[in-house]
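Hi,

Here is the structure I said I'd send over. Have a look at it first, and then read on for what turned up.

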Amino acid sequence: MEKREVIYRHSGAVRLTHWVNALVLLVLLMSGLQIFNAHPALYLGSKSDFERPVMAMGAVQDGERVKGVTTVFGHAFDTTGAFGLAGDAENGYEDRGFPWWSTLPGHRDLATGRRWHFFFAWLFLFNGLAYLLWSLASGHLRRDLAPSGKELKHIGASIWEHVRLKFPTGEEAKRYNVLQKLAYLLVALILLPLMLLTGLAMSPGMDAAFPFLLDMFGGRQSARTIHFIAASGIVIFVVVHLVMVLISGVWNNLRSMITGRYVIAPAEDKP
Amino acid sequence: MSGERRLDRRGFLARGLAAASAALLGGCEDLSDQPWVRRVLDSAETLTHVTQRALLSPEALAREYSEADLSRDFKANGSTDPEDPDYVTHAKNGFADWKLVVGGLVEEPLELSLAEIRAMPSRTQITRHDCVEGWSCIGKWKGVPLSALLEKAKLKQDARYIVFYCADDLGQTGTEADKYYESIGLADAFHAQTILAYEMNDQTLPIPHGAPLRLRVERQLGYKMAKYVMRIEAVDGLASIRGGRGGFWEDLGYEWYAGI
């Protein structure tokens, strides 16, 4: 049996910005859902066409019953209990987009939700800039995240490994695999900056200072819709990320993101 | 039965998760109510205000749209039909005897009829109205630039803010102290697009949208744009007015600087 090798996987800067980002994104998501609930509907273009939302949540009376209904591109889905309607017959119903446990604060309070959102948006900006500048200057971006041409060519093999839930060992395990690299780049360079820009495009002050923000996204209401979709994309990434952390050695992964040290499983003997 | 047991376990897990998230959220709810947390969170408003002021030149205009972009159904939010007896009397009369009062820290206090205001220079603009709730509508506004009124009244040296007192009682308590009011700084007060509108979409401004006069501050959110403006006052500070935060919604926790 080979001796177990411990490498220093994550630098202090990556570890710190990772955990700050995790907390900041959780607060931004939950306060963002509080803000969304103030008008739980999305539109395309500059203005809101109240008759034709792209997506809307609300309560409707269905005979004796009250239902929560989510409409997407004109198709209505009964989402009672999840979206559009909260509460029960005993305690009374409430017309509500996302449920109380997903919003900050839990009760309806747009003013406080905005305070949380904009304070943490500034933290998000400072933390994200620190990460990106450090990644560029230290070579983290080029060395650890940019996939090589060879890796991209073998992306099919990497997908097949993931499908079989087989994770690299030995030398291979010392680097991110190509799917990991692409997922992290997508989030760090596309989705998170997109959140910032679409957020700014919703600000009437920023729109006056930088009118191209409106043209970039096809109007303020489109920017709001893209903000929602990109946030959903980040939620999906986080779910997949957590599942991968859990099934590829949860303690090893957690320790490496806290102390930096990561244990490399010995390479399997090849026949 | 194993099926029942599994359901039980699922129920237990669900209850556990609900309890855990309730504890976490409860913590955050309590946090929101802590004065020091509130002060820390509120500091973001100052940072946003200072940053936007630095990025936003005093002349930069909010985007203006074309007739084709007008909303077919411009949402009327907040008060839509004030019950104040004086207001109702003036509304019945088409505001013919009504007068806008301009006072406070000015050299020449004014009382202007709607006809006199209409005789002043005007500006027409098609702009997007962004509600703090998230929706937007596009409307065409015609009115007198606030700067023209303030130049006529001649602001005193120490004037820093312009306060707008309104006829509507959004707090629904029927007291004078609970009526709508708003305030803006001088940078916004003298901005080219800051007008007191008396026409909307080529019609006399309708009551749901703030007749006889509605403020337009196009680089901020909708709640800054007070409807049913009765009186304008130039002041050197906001702390002694009503809740002390410069507006009806501000006194309830919303940002005074609503550029985001």
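Predicted model: local features only at pLDDT ≥ 70, side-chain atom pairs only at ≥ 80, totals over all residues.

On chain A, the side that touches chain B gets at least two residues from each of α1, α2 (110-138), α7 (204-209), α8 (212-217) and α9. The largest share of that side, eleven residues, is from α2(A).

Some totals for the interface: 42 residues of chain A contact 56 residues of chain B. About 4,000 Å² is buried between the two chains, and carbon and sulfur atoms give 60% of that area. There are also seven salt bridges across the interface. One to look up is B:Arg72 with A:Asp49, whose side chains meet at 3.3 Å, N to O.

Next, A:His39, in the loop between α1 (12-37) and β2 (41-42) of chain A. A:His39 counts as buried because its relative accessibility is 9%, under the 20% cut-off. Its side chain makes a polar contact of 2.7 Å with the side chain of A:Tyr43. Beyond its sequence neighbours within four places, A:His39 touches A:Phe50 and A:Arg224, plus B:Lys75, B:Glu133 and B:Trp135 from chain B.

Last, the surface: A:Leu29, A:Leu165, A:Val235, A:Val239, A:Val243, A:Leu246 and A:Ile247 make a nonpolar patch of about 570 Å². Helix α9 (residues 220-247) gives the largest share of the patch, five residues. A:Leu165 sits in the loop between α5 (155-163) and α6 (178-201), and at 48% relative accessibility it counts as partly exposed.

Cheers

Key. Residues numbered from 1 in each chain as written. Chains lettered and ligands numbered in written order. Heavy atoms only, no water. Helix = DSSP H or I, 4+ residues; strand = E, 2+ residues; numbered from the N terminus. Buried < 20%, exposed > 50% of the residue type's maximum accessible area, 1.4 Å probe, protein only. Polar contact = N/O pair within 3.5 Å; in protein donor to acceptor, adjacent residues only side chain to side chain. Contact = heavy atoms within 4.5 Å. Patch = residues over 30% accessible without salt bridge, like charges linked within 9 Å, V, L, I, M, F, W, Y side chains within 5 Å. Areas by Shrake-Rupley, 256 points an atom, 1.4 Å probe, with all protein chains shown as cover. Salt bridge = Lys/Arg side-chain N within 4 Å of Asp/Glu carboxyl O. Buried area = accessible area lost by both parts, 1.4 Å probe.
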